[in-house]
Amino acid sequence: MNNLKAINISKTYSIDGYDIEVLNELNLTINKGDTVAISGQSGSGKSTLLQILALLDKQSSGSIELNGDTTDNLSSNQKSQIRLNNFGFVYQHHHLLEDLSVYENIALPLQLKGDLLDLDIKVRDLAKSIGLSNRLNHLPWKLSGGEKQRVAVARAMINKPQYIFLDEPTGNLDKKNASNIQKLVMELSHDNGIALIVATHDNDFVSLLNRKYYLDNRGLVSI
Ligand code: ADP
Ligand code: MG
């Protein structure tokens, strides 16, 4: 069983005595290599869903299963290990570490894992595929927005995760750079059998993904 499963996921935030119910009994199964679009209005719960699927936030009820095993009772350390080994992340803002070079940013997940075998080859291969071989020694501030996002994609891909979560990954980019990122993500996902879960407003991106959902009224509607 090679999948990531959300089973009857509900999420309510409580702030200042108010309860905000964001997700209600939501179900979703993501199989190897699936590409999933999650669109929906701002505030509909897309980021919340991605955070719960990625074990970064905890659902109020329901279960997240990875490869047939429940993750609900794992410690935060165990969840970190799962994330490091299985998940990659790309956000609207690139979240690169500003003090590290492009090379060091891309290499970071492998270094955190202690997976140093062929690290240099892996980083250089990926840098080539994102078209930034000549920028490896630069700090992020020297790059354009689109280039930074390409580095963020490379960093998410370097440990060949089973799943990559992308939360509005092209939200800060112009049309040309957005299109470059979309093509890059689709190509790397296809070549490596990586499942994509993309929260996006971008209809061009949605059209490239196989399974399309709209988050509405606290649940997913297939579109
Ligand atoms: P989207 O990504 O679709 O814009 P979010 O998942 O960010 O939506 O937010 C869904 C709802 O949950 C919004 O009403 C938001 O204000 C609320 N929300 C998100 N995170 C928190 C939090 N940490 N505490 C309280 N409310 C939150
Ligand atoms: Mg969001």
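Predicted model: local features only at pLDDT ≥ 70, side-chain atom pairs only at ≥ 80, totals over all residues.
Reader: In what order do the six strands of the open sheet stand?

Author: Strands (E, at least two residues) and helices (H or I, at least four) are DSSP runs numbered from the N terminus, and two strands pair if DSSP finds at least two bridges between them. Here the order is β6-β7-β8-β3-β9-β10, with mixed pairing. Strands β6 (87-90) and β10 (219-222) each have a single partner strand, so one side of each lacks a neighbour in the sheet. From one strand to the next, the twist averages 20 degrees. Within this sheet, β3 and β8 (residues 195-199) pair in the parallel sense over four bridges, and alanine 37 stands opposite valine 198 in β8.

Reader: Which helices lie across these strands, and at what angles do they run?

Author: Contact means heavy atoms within 4.5 Å. Axes are lines fitted to C-alpha atoms, for helices over the stretch in contact, and angles run from 0 to 180 degrees between N-to-C directions. Helix α5 (residues 145-157) lies across β6 and β7 (163-167), at about 170 degrees to β6. Helix α6 lies across β3, β7 and β8, and runs at about 155 degrees to β8.

Reader: How is the open sheet of four strands arranged?

Author: Its order is β2-β1-β4-β5, and the pairing is antiparallel. At the edges are β2 and β5 (69-70), each of which pairs on one side only. Ten bridges join β1 and β2 in the antiparallel sense, with asparagine 3 opposite asparagine 31 in β2. Helix α1 (residues 46-53) packs on this sheet, touching β1, β2 and β4 (61-66), and its direction makes about 55 degrees with that of β2.

Reader: How many salt bridges are there?

Author: A salt bridge is a side-chain nitrogen of Lys or Arg within 4 Å of a carboxyl oxygen of Asp or Glu. The count by this rule is seven. In one of them, arginine 211 meets aspartate 34, with the closest N and O atoms 2.5 Å apart. Arginine 211 lies in strand β9 (residues 211-216) and aspartate 34 in the loop between β2 (18-31) and β3 (35-39), so the pair ties together parts that are 177 residues apart in sequence.

Reader: What separates arginine 124 from aspartate 120?

Author: These two form a salt bridge with the closest N and O atoms 3.1 Å apart. Both belong to helix α4 (residues 119-129), where they are four residues apart, or about one helical turn.

Reader: Which residues make the nonpolar surface patch?

Author: Patches are made of residues with over 30% relative accessible area and no salt bridge: like charges are joined within 9 Å, nonpolar side chains (Val, Leu, Ile, Met, Phe, Trp, Tyr) within 5 Å. Areas come from the Shrake-Rupley method with a 1.4 Å probe; for residues, only the protein chains shown count as cover. Tyr13, Ile15 and Ile20 make a patch of about 260 Å². Tyrosine 13, in strand β1 (residues 3-15), is partly exposed at 31% relative accessibility.

Notes. Residues numbered from 1 in each chain as written. Chains lettered and ligands numbered in written order. Heavy atoms only, no water. Buried < 20%, exposed > 50% of the residue type's maximum accessible area, 1.4 Å probe, protein only.
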